[in-house]
Every structure is written in C-alpha cells, then in structure tokens.
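This report describes a protein chain from its surface to its sheet, its helices and its charged pairs. The sequence and the structure are shown first.

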Amino acid sequence: MTERILAAGPLDGGTDRPPPARFAYDRHTWKEIAHLLANLLSSLVGFTYVVTILFLGAGLTVTVIGLPVLAFGLLGARQLGKFERLRARGLLGVRVDEPSPLPFRGRGGFFGWLWMALKDPVGWRTVLYELMRLPWAIVTFTVTLTSLFVLWPVLPFLARGLANADRAMVRALLSPSDELERRIAELESDRGVVVDTAAADLRRIERDLHDGAQARLVNLAMGLGLAKEKLLEGQADETVAAMVDEAHGEVKLALQELRDLARGIHPAVLTDRGLDAALSSVGARCTVPVKVTADLPARPAAAIEGIAYFTVSELLQNVSKHSGARSASVDVWRSENRLLIQVWDDGRGGASLDGGTGMSGLADRLGAVDGLFVIDSPVGGPTTITAELPWRDRTEEAQPVGGDLRRK
C-alpha cells in the first residue's frame, strides 16, 4: 500500500502524462495555460539573475572575490531550479526528484567548499535552463495570450504542444544528476566519514594504552626495580614480598586492561564463534535483561560482522545508561542482500540523532558502508532502532596470528 501511495502522482492515473487534449477546457488545460502565461515573468527573473551572476563573477575573477561570488550565484541558481520544479510539478504534473544537497561536510574548509560549488552540475544546468528559457517564454506567452482571443477553440491543443516542450526542458535540465554522478558524490562524502572514524578510533586506542596499561606497566617496572635493589642489599624481608605481591597485582590488572582493549578492537568471541555468540556476550554484560535472536544462514564478511557487533554494543550501552528500560531485545536476520538489526527497549524513549548519545556517529558509520539507521523513539517509549547493512559473503580468510597462539 505504501508503494502505491508514493507512486501516485498529481495527475489522473498515477502518471505525469496528462489525458489527451480535447476542445473542452478541463483543469489540465487551464493549468497548462497558466503555466505558459507565467513563463514570461518567471523567465525574466531567472534570466536577469543568471546573467548578473555570470557577468559579475567573470568580471571579478581578477580579484579574490570573483570565484566566491560565482559560487554563491550557483548555489542561488539551485534555488531557482527548485522553484521551477515546484511550478512544473503543480501546473504541468511533472514529477522530477529534487537533487541531493551538496555534501560540504568534511570538504577541507573554504577552498573545498568553493571547488565543490563551482563544479556543481545541478547549478550549471539551472543556469543553462534560465538562459534558454527567455526566448521560449516570450514565444509561449505571446502565442497563448493571442490564442485566448483569436484561436480559443484550438488553444487546448496548442497549449498541450507548448507545455510538452516545457516538460521536456524540465526533465532534461532540472532533473538530478545521473545515478553514477550521485553515487560518486556519496562515496566521496562517505570516504571522509570513514577516515575521520578511523582516526578517532586510533586516538581512542592510543589514549587507552597511555592512560591504562602503559601507566600500570610503568608502576610495575618501578616496583620491581625497588624490590631488586632491596634484594641486592640483602633485605629479603616482608617489604620485598609486599612489593612483589603488589607488582603481581599490577601485572594482572594490566593484562585485564589489555584484554578489554583487544575486545574493544575486535572481540575474540566474534572471530571464533560468530555474531550470534558475540551479541549474546554483549547482552549478558548489559544492565538490562536482553533477549538476543540471530537468524543467519551463514556468517557475513568480517567487516560487516564487526560493524554489526559494535552497532549493537553501542546501542545496548545507551539502553543501560540512558533508557531507564526494564527489558530489551536484539534481533538480527538476513533479508536478501541486506543484514538487518533491530534493537528494542521499553524505556522512556526520546532518542534522536542529536541527543548526545552517539547516535549520529552510528548513523555516519553505517552510511559510510551504504547502510541505513532509523530511529523510532516517541517520548514515553518504547524505542525501536533499526540498522541495515549490505550483506557480503565471507571469503576464506587466514586465521590471525594472535588467534593461533591463543589456541596453542
């Protein structure tokens, strides 16, 4: 039902093609006449704008503000294109998708923004559309206005022919970039997210090593050094025994911290037993009772498996810290070529991407691998978060050296 509703258009029959023209003036004919008469004013505004920004930007290129003026002008041209698509959709019934916004985030500051705006194909096609429209608008306005008084019996057919030319221009010049161009822009944006995420993970690992295991190992070395000095001095008493015992405790704590750090990088249970066992382990550590259900016919690729694990781990941490829930559940299953994850809890709700609980970071990570992240969390609960990842089959991979040593 949802797909049918979305597919229904503004015209009869759920299509952007109007019914055949006829001598009677129906509502489609009047909309086409209104569009043709409004062409002149709309085109005058658009033509004046694009000519101004082109000449102003070109004339000022000898200064430092020329290119920024042209870049801002192209961003404004995008808004003109948005208005023309809206007008065509309302009066001509042309369904044209809105182009994706420019991914300025993580583009290297001002110069990255400037280069992206200057090479925006949507802005340049809108400029071309407005330049071509003025002569055509004069023709359509003149023919339509004259025909209203002179050729009104055949005006529906004239209006249909002129409006069809307008439809063709809108589809050709105001449609979004082709799929390949859009995907390139998305992948470029996702690459920046992946790089930032990897850098953040490396900083976290470095911080954990410096503040945790490294500090304990330094204390261990100092304690063993003092014990060695006392032994060399012949003071093998209870003080030396206490120092050795304290050093032994530091060793155990350092090993535990190193294990926790290794688990945070890639848990051993995930490598050895797969996603089902790893998620059950995460659920057992959660402060809220969690029911884990995994229905997977096979193990996905290691990278996808790792992202799924850390996504659920982060979500269950949020359940423990912020939800106030009494129970939660995790469901993982495969649907065709997608891996689906759903985390539910009966807490207070109100979760959002800007709530400061790491949701936006999760959404960025999943988006970087062509995934989806959907939050359904009304105030008062319950909260249902759905994550979707592309399914990639696991290939035969060499076992990690650390895993071999551990088994031995």
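The accessible surface of the protein amounts to about 23300 Å², and 63% of this area belongs to carbon and sulfur atoms. Accessible areas come from the Shrake-Rupley method with a 1.4 Å probe, and for residues only the protein chains shown count as cover. The model is predicted, so that local features need pLDDT of at least 70 and side-chain atom pairs count only at pLDDT 80 or more, whereas totals for chains, interfaces and linings use all residues. Residues are numbered from 1 along each chain as its sequence is written, and side-chain values use heavy atoms, with hydrogens and water left out.

Of the 408 residues in the protein, 35% are buried. Buried means under 20% relative accessible area, exposed means over 50%, and partly exposed lies in between (1.4 Å probe, protein chains only). The protein has 13 helices and 5 strands; helices (H or I, at least four residues) and strands (E, at least two) are DSSP runs, numbered from the N terminus. Among contacts with a separation of 6 or more, 72% are between residues 24 or more positions apart, a contact being heavy atoms within 4.5 Å.

**The sheet**

The 5 strands of an open sheet follow the order β1-β2-β3-β5-β4, with mixed pairing. Two strands pair if DSSP finds at least two bridges between them. β1 (290-295) and β4 (372-376) stand at the edges with a single partner strand each, so one side of each has no neighbour in the sheet. On average, neighbouring strands of this sheet are turned by 10 degrees against each other, direction ignored. Such angles run from 0 to 180 degrees between N-to-C directions, with axes fitted to C-alpha atoms, for helices over the stretch in contact.

Two helices lie against these strands. Helix α10 (residues 275-285) packs on the sheet and touches β1 and β2 (328-335), its direction making about 175 degrees with that of β1. Helix α12 (residues 359-368) lies across β4 and β5 and runs at about 150 degrees to β4.

Strand β3 (residues 338-345) is largely enclosed by the rest of the structure, because 6 of its 8 residues are buried. β3 pairs in the antiparallel sense with β2 over 8 bridges, and Asp345 in β3 is the bridge partner of Ala328. β3 also pairs with β5 in the antiparallel sense over 8 bridges; here Gln342 stands opposite Thr386 in β5. The hairpin of β2 and β3 has 2 residues between the strands. Glu336 lies in this loop and has a positive phi near 55 degrees, in a residue other than glycine. With a relative accessible area of 69%, Glu336 is exposed.

β5 (residues 383-390) pairs with β4 in the antiparallel sense over 5 bridges, and Glu388 in β5 is the bridge partner of Leu372. Thr383, in strand β5, is buried at 5% relative accessibility. Not counting residues up to four places away in sequence, the residues that Thr383 touches include Val343, Trp344, Asp345 and Asp376.

**Helices and the nonpolar patch**

Helix α4 (residues 109-118) has several buried residues, among them Trp113, Leu114 and Met116. The cover over the buried residues of α4 includes α3 (66-92) and α5.

A nonpolar surface patch of about 740 Å² includes Val139, Phe149 and Phe157. Patches are made of residues with over 30% relative accessible area and no salt bridge; like charges are joined within 9 Å and nonpolar side chains (Val, Leu, Ile, Met, Phe, Trp, Tyr) within 5 Å. α5 (121-149) and α6 (155-173) each supply at least two residues of the patch, and α5 gives the most, with 4 residues. Phe149 is found in helix α5 and counts as exposed, at 65% relative accessibility.

**Salt bridges**

A salt bridge is a side-chain nitrogen of Lys or Arg within 4 Å of a carboxyl oxygen of Asp or Glu. By this rule the count comes to 9 salt bridges, including those tabulated here.

| Salt bridge | N to O distance |
|---|---|
| Asp120 and Arg78 | 2.6 Å |
| Glu84 and Arg87 | 3.0 Å |
| Arg299 and Glu305 | 2.9 Å |

Salt bridges that share partners also join Glu32, Arg160 and Arg167 into one network. Glu84 and Arg87 both lie in helix α3, 3 residues apart, about one turn of the helix. Glu84 is buried at 3% relative accessible area, and Arg87 is buried at 9%. Glu305 is buried, with a relative accessible area of 2%, whereas Arg299 is partly exposed at 28%.
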